[in-house]
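Hi,

Here is the structure I promised to pass on.

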Amino acid sequence: MDELTYILQEDLNKDFVSAVLSNPRDKAQGAKVKVRPVRQKGRLMFQIEMFRNNQAFHENLDAARAADRIAEYMGNFRQMQLESGTELYTVLVSKKGKVTIKKKQNASSTPVKTLSHNRKKRYILEEGVEVPFLIDLGVMTKEGKIINARFDKFRQINRFLEFIEDVLPQLPKEREITVLDFGCGKSYLTFAMYYYLHELKGYDIRIIGLDLKEEVIRHCSELAVKYGYEKLTFMKGNIADYTGGSQVDLVVTLHACDTATDYALAKAIEWDARVILSVPCCQHELNGQIERAKKCGDERLLALEPVIKYGILKERMAALLTDGLRAQYLERAGYHVQVLEFIDMEHTPKNILIRAVKSGNASGSRRAGESIAVCEEFFHVMPTLGRLSDR
């Protein structure tokens, strides 16, 4: 897929006309995908329209993320037709995954000068535009300039808002939307969600931030009152013990430590939330379970000896296993799940984001249930999310 990825990265610019992905291996994952350029507030974006189960799902992504998404979808499709101002591409993928790319000149279109590859990155919250909560949280000066030491946080906030932007088609605009942010901490992203959805997008939104630190909750509550964010509230409490709410549209859990993420995901499943965005942290539980199985001398784990013999490797494998099983449990509950990069690995190793959108895919649910059973039996593990989901 390297050549295809390169072509997508080169051609998703002002010269791009359209793309159609067809001939799926599994129609349950999508019957067709169409891509076209759109403008949003002066920004060149790419609308990806995916058709599945007689429904259309839309995402508006920038060039880099659109290229990644199209390449990801090509894992299910055998053919793509891509048209730019100067070229016509036919991409064919064989049963064994071999990619064949045919190119010819587009005689029907007039070449258009492409965008510069050195163009400045555009953010949803742009530098130079005063945002009150960013000033109070120490990310921005009163003049709208991003403080150098906080630029990574500024990029993280914007990256998160891009994920929110992607799921806007799943959120109703005709009624109040309820969002629960478990383990909100200092609430950079909680304030960003409210500002983006209510102030910039006009959604009727209620956000509840939950955290254990009383001082943090008090400070964030004061800021919400200061900005006039009437439907942004903060509460002190434990994720596992939270009982409020019955209809929840979006559940967010960012860096909730260890099994706190599992409790948040279990609540989201219980509420039948439309969208879940989760950035896990500190996955220790399965690491300990694998260690106990290892000490019991289970011969099936001998195949993994080169990994589980070394602490740091076993810890990383257990973290990946934890998040993989979480994704499968969400699929079993009827969600379409993607595991994505939140921010660049150079900034933090805890950069995985699990995005789940309610789909009700019964066949996917069955497959996920089967894979969970096989995986847990092999590793002798049972994550907290599994116990909570099965009780």
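**Aromatic pairs and a helix contact**

Phe-342 is buried, with a relative accessible area of 2%. Keep in mind that this is a predicted model. Phe-163 counts as buried too, because its relative accessibility is 1%, under the 20% cut-off.

Those two residues belong together. The structure holds 17 aromatic pairs, and one of them is Phe-163 with Phe-342: the pair is tilted, with 6.2 Å centre to centre and 45° between the planes. It links distant parts of the chain, 179 residues apart: Phe-163 sits in helix H4 (residues 151-166), while Phe-342 is in the loop between strand S13 (335-341) and strand S14 (352-358).

Another pair is Tyr-242 with Trp-271, this one edge-to-face at 6.1 Å centre to centre and 85° between the planes. Tyr-242 comes from the loop between strands S10 (232-236) and S11 (250-257), and Trp-271 from helix H7, 29 residues apart. Both are buried.

H7 has a helix partner as well. The axes of H7 (residues 260-271) and H10 (residues 311-332) come within 11 Å and cross at roughly 10°, so H7 is roughly parallel to H10. On the H7 side, Thr-261, Asp-262, Leu-265 and Ile-269 meet Arg-326, Tyr-329 and Leu-330 of H10. By class, that contact has 4 nonpolar, 1 polar and 2 charged residues.

Two lysines are worth a look while you have the viewer open. Lys-153 lies over the face of Tyr-188, 4.6 Å from the ring centre, and Lys-173 lies over the face of Tyr-203, at 4.8 Å.

Cheers

Notes:
Residues are numbered from 1 along each chain as its sequence is written. This is a predicted model: local features need pLDDT of at least 70, side-chain atom pairs count only at pLDDT 80 or more; totals for chains, interfaces and linings use all residues. Side-chain values use heavy atoms; hydrogens and water are left out. Axes are lines fitted to C-alpha atoms, for helices over the stretch in contact, and angles run from 0 to 180 degrees between N-to-C directions. Helices (H or I, at least four residues) and strands (E, at least two) are DSSP runs, numbered from the N terminus. Angles under 35 degrees count as roughly parallel, over 145 as roughly antiparallel, 65 to 115 as roughly perpendicular and the rest as oblique. Contact means heavy atoms within 4.5 Å. Ala, Val, Leu, Ile, Met, Phe, Trp, Tyr, Cys and Pro count as nonpolar, Asp, Glu, Lys and Arg as charged, and the others, Gly among them, as polar. Rings of Phe, Tyr and Trp (its six-membered ring) pair if their centres lie within 6.5 Å; planes under 30 degrees apart count as stacked, over 60 as edge-to-face and the rest as tilted. Buried means under 20% relative accessible area, exposed over 50%, partly exposed in between (1.4 Å probe, protein chains only). A charge sits over a ring if NZ of Lys or CZ of Arg is within 6 Å of the ring centre and within 35 degrees of the ring normal.
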